[in-house]
Amino acid sequence: MIARKRAKEQLRPRSPDPVDGRKHIDVQTELYLEELSDRVEEADVEIQTDAFLDRPPSPLFIPAKSGIDAETQILDGDVSKTSL
């Protein structure tokens, strides 16, 4: 794993060393300007939630009918073939 990482670093194109009296710096090349700094911006925010509000009870859910209702009536004395 270490050898692979080392080989990858060697293959990565690098800029040549700076000329005497100069130094390399990071330059932003994006289309928009962004302020670069070492300090992370912080902000403290406080909020308070509302008290629970009373609400009416939810209505009873009755699904809508879909299809045709069918029924079967079995009278006393009717014999089914499964009971034989």
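Welcome to this predicted model, in which the count of salt bridges comes to 1. That salt bridge joins Asp69 and Lys65. The chain around the pair has 84 residues, of which 0% count as buried, and its secondary structure comes to 1 helix and 0 strands.

**The salt bridge**
- In the pairing of Asp69 with Lys65, the closest N and O atoms lie 2.8 Å apart.

**Overall shape**
- The radius of gyration of the chain is 39 Å, whereas a compact globule of 84 residues would have one near 12 Å.
- As for secondary structure, you will find 1 helix and 0 strands here.

**Surface**
- About 10,700 Å² of the chain is accessible surface.
- Carbon and sulfur atoms account for 54% of that accessible surface.
- The share of residues that count as buried is 0%.

**Charges**
- The chain carries 12 positive and 18 negative charges.
- Between the mean position of the positive charges and that of the negative charges there are 15 Å.

How values were computed. Residues numbered from 1 in each chain as written. Predicted model: local features only at pLDDT ≥ 70, side-chain atom pairs only at ≥ 80, totals over all residues. Heavy atoms only, no water. Helix = DSSP H or I, 4+ residues; strand = E, 2+ residues; numbered from the N terminus. Rg over C-alpha atoms; globule rule 2.2 N^0.38 Å. Buried < 20%, exposed > 50% of the residue type's maximum accessible area, 1.4 Å probe, protein only. Areas by Shrake-Rupley, 256 points an atom, 1.4 Å probe, with all protein chains shown as cover. Lys, Arg positive; Asp, Glu negative; His and termini not counted. Charge placed at Lys NZ, Arg CZ, Asp CG, Glu CD. Salt bridge = Lys/Arg side-chain N within 4 Å of Asp/Glu carboxyl O.
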